Amino acid sequence: SVGLDENSSAIIIAGLLISPILKPIIGFGVGFGITERDMIFSSLKNLAVIIFIIFSVSLLYFLVSPLGHNTNELSLRAKPILLDVLVAFFGGIAIMINFSRTQKLIAFPRVIIAFMIIPPICTSAYGFVHADPKFYFGAIYSFVLNLFFISLAIYLISRYLNFPSHYFIDTQRKKKFQRSIIAVAFLLILP
């Protein structure tokens with residue numbers, strides 16, 4: 001929030017290094033990949049708690065911030081573009097590649113995911129505080145778009161790596177699920 005408010009990418013990236021949001025997102029994507037319902041619900045619960053905390057802290061910050069004006073960094077998070085989708089998708093792939101390696105790059109996946117997820121949450125808090133629906137809804141859309149495509153990449157890589165499925169899915173249900181993913185992806189990209 002401070003980085004967004006001061007228009008500083010360096011502060012935003014520094015704050016993202018301590019982000020707790022990576023594991024629930026990975027758990028969500030892999031949970032779908034292996035059809036593990038408990039993992040999906042546990043990850044969603046943890047993700048909801050983390051998002052609530054991030055939004056609440058950001059809300060408090062923007063309520064007391066002496067700056068509180070529109071910056072370029074805030075505007076970028078309220079108007080997602082196709083490049084954001086590509087960064088989110090390939091960021092999800094990079095995370096799975098990183099976690100399949102024996103020597104992991106600890107900060108790299110954290111920064112990618114946090115950069116695509118946390119600033120939009122903070123921007124939505126800014127929009128809420130300033131009663132600006134363009135920022136509020138634009139940032140929420142950006143958040144949902146990024147979360148979906150990161151999770152989609154994690155799901156696809158976990159399927160590609162043949163992670164063992166926990167529940168049997170018949171062919172018809174699997175095809176229906178795959179068509180649903182394609183339809184949701186298209187609907188999210190369309191705006």
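User: Read along the sequence, what pattern does the chain follow?

Analyst: Quick heads-up: this is a predicted model, where local features need pLDDT of at least 70, side-chain atom pairs count only at pLDDT 80 or more, and totals for chains, interfaces and linings use all residues. Residues are numbered from 1 along each chain as its sequence is written, and side-chain values use heavy atoms, with hydrogens and water left out. Helices (H or I, at least four residues) and strands (E, at least two) are DSSP runs numbered from the N terminus. The chain has 9 helices and 0 strands, and its pattern reads α-α-α-α-α-α-α-α-α.

User: How much of the chain counts as buried?

Analyst: Buried means under 20% relative accessible area, exposed means over 50%, and partly exposed is in between (1.4 Å probe, protein chains only). The chain has 191 residues. The share of them that counts as buried is 45%.

User: What share of the contacts with a separation of 6 or more comes from residues 24 or more positions apart?

Analyst: A contact here means heavy atoms within 4.5 Å. Take the contacts in the chain with a separation of 6 or more, and ask how many join residues 24 or more positions apart. That share is 81%.

User: How far apart in space are serine 56 and cysteine 122?

Analyst: Serine 56 belongs to helix H4 and is partly exposed, at 22% relative accessibility. In sequence, serine 56 and cysteine 122 are 66 residues apart. In space, C-alpha to C-alpha, the separation is 8.9 Å.

User: And which residue is 36 residues from valine 184 in sequence and 8.9 Å from it in space?

Analyst: Valine 184 lies in helix H9. With a relative accessible area of 38%, valine 184 is partly exposed. Going C-alpha to C-alpha, the residue you want is phenylalanine 148.

User: Which residue forms a salt bridge with arginine 77?

Analyst: A salt bridge is a side-chain nitrogen of Lys or Arg within 4 Å of a carboxyl oxygen of Asp or Glu, and by this rule the count comes to 1. Side chains of opposite charge can pair when their charged atoms come close. Here the closest N and O atoms are 2.8 Å apart. The partner of arginine 77 is glutamate 73.

User: Which helix gives the largest share of the positive patch?

Analyst: Patches are made of residues with over 30% relative accessible area and no salt bridge, joining like charges within 9 Å and nonpolar side chains (Val, Leu, Ile, Met, Phe, Trp, Tyr) within 5 Å. Lys and Arg count as positive and Asp and Glu as negative, with His and the chain ends not counted, and a charge is placed at NZ of Lys, CZ of Arg, CG of Asp or CD of Glu. The patch gathers Arg37, Arg173, Lys175, Lys176 and Arg179; Arg37 is in helix H4 and is partly exposed at 45%. The largest share, 4 residues, comes from helix H9.

User: How much accessible area does the nonpolar patch have together?

Analyst: Accessible areas come from the Shrake-Rupley method with a 1.4 Å probe, and for residues only the protein chains shown count as cover. Helix H6 gives the most to this patch, 5 residues, while one member, Ile189, is in helix H9 and is partly exposed at 38%. Ile81, Leu82, Leu83, Leu86, Val87, Phe90 and Ile189 together come to about 650 Å².

User: Which residues does threonine 71 touch, leaving out those up to four places away in sequence?

Analyst: Threonine 71 sits in the loop between helix H4 and helix H5. At 6% relative accessibility, it counts as buried. The residues it touches are Leu4, Asp5 and Asn7.

User: What is phi of alanine 131 near?

Analyst: Alanine 131 is in the loop between helix H7 and helix H8, and is exposed, at 64% relative accessible area. Its phi is positive, in a residue other than glycine. The value is near 50 degrees.
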